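Look at the sequence and the fold shown here before reading on.

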Amino acid sequence: VQLQASGGGLVQAGGSLRLSCAVSGRTSSNYAVGWFHQAPEKGREFVAGINWNGRNTRYADSVKGRFTISRDNAKNTVYLQMNSLKPEDTAVYYCAAGYRIAPMPNEYNYWGQGTQVTVSS
């Protein structure tokens with residue numbers, strides 16, 4: 001399974017971005033996908049996760065009500081819609097695939113490269 005994250009960029013506080021994670025591989029639609037972010041000198045933190053069919057989602061408290069995770073298995077893509085962005089959301093964002101939604105990075109088997117999100121104040 002391979003993952004490719006995209007959609008990062010520079011945005012002002014209060015703005016929006018949509019990240020995409022293209023998931024490829026013969027059984028890619030069978031995996032849960034999580035989004036994590038990592039700020040400089042900090043560990044990788046869970047942001048949101050979605051199960052294989054999109055019916056179950058989970059969010060970090062810091063993003064509830066602002067971020068929405070979704071997936072389109074016909075396009076093999078998972079999205080993270082980020083609204084009302086704050087400077088503290090600035091980080092590199094990674095997507096990862098695993099067997100279930102989980103908040104710990106070591107629960108995921110496959111990782112994509114990161115995409116930088118920068119929110120200016």
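How many bridges join S5 to strand S6? Three bridges join these strands, which run antiparallel. This is a predicted model, in which local features need pLDDT of at least 70 and side-chain atom pairs count only at pLDDT 80 or more, while totals for chains, interfaces and linings use all residues. Residues are numbered from 1 along each chain as its sequence is written, and side-chain values use heavy atoms, with hydrogens and water left out.

**Strands around S5**
- Strands (E, at least two residues) are DSSP runs numbered from the N terminus, and two strands pair if DSSP finds at least two bridges between them.
- S4 and S5 pair in the antiparallel sense over five bridges, with glycine 34 opposite glycine 49 in S5.
- Glycine 49 also has a bridge partner in S6, arginine 58.
- S5 is largely enclosed by the rest of the structure, because five of its six residues are buried (under 20% relative accessible area, 1.4 Å probe, protein chains only).

**Threonine 115**
- Threonine 115 is found in strand S11 and is buried, with a relative accessible area of 9%.
- Residues in contact with threonine 115 (heavy atoms within 4.5 Å) include Gly8, Leu19 and Tyr93, not counting residues up to four places away in sequence.

Methods
Helices (H or I, at least four residues) and strands (E, at least two) are DSSP runs, numbered from the N terminus. Buried means under 20% relative accessible area, exposed over 50%, partly exposed in between (1.4 Å probe, protein chains only).
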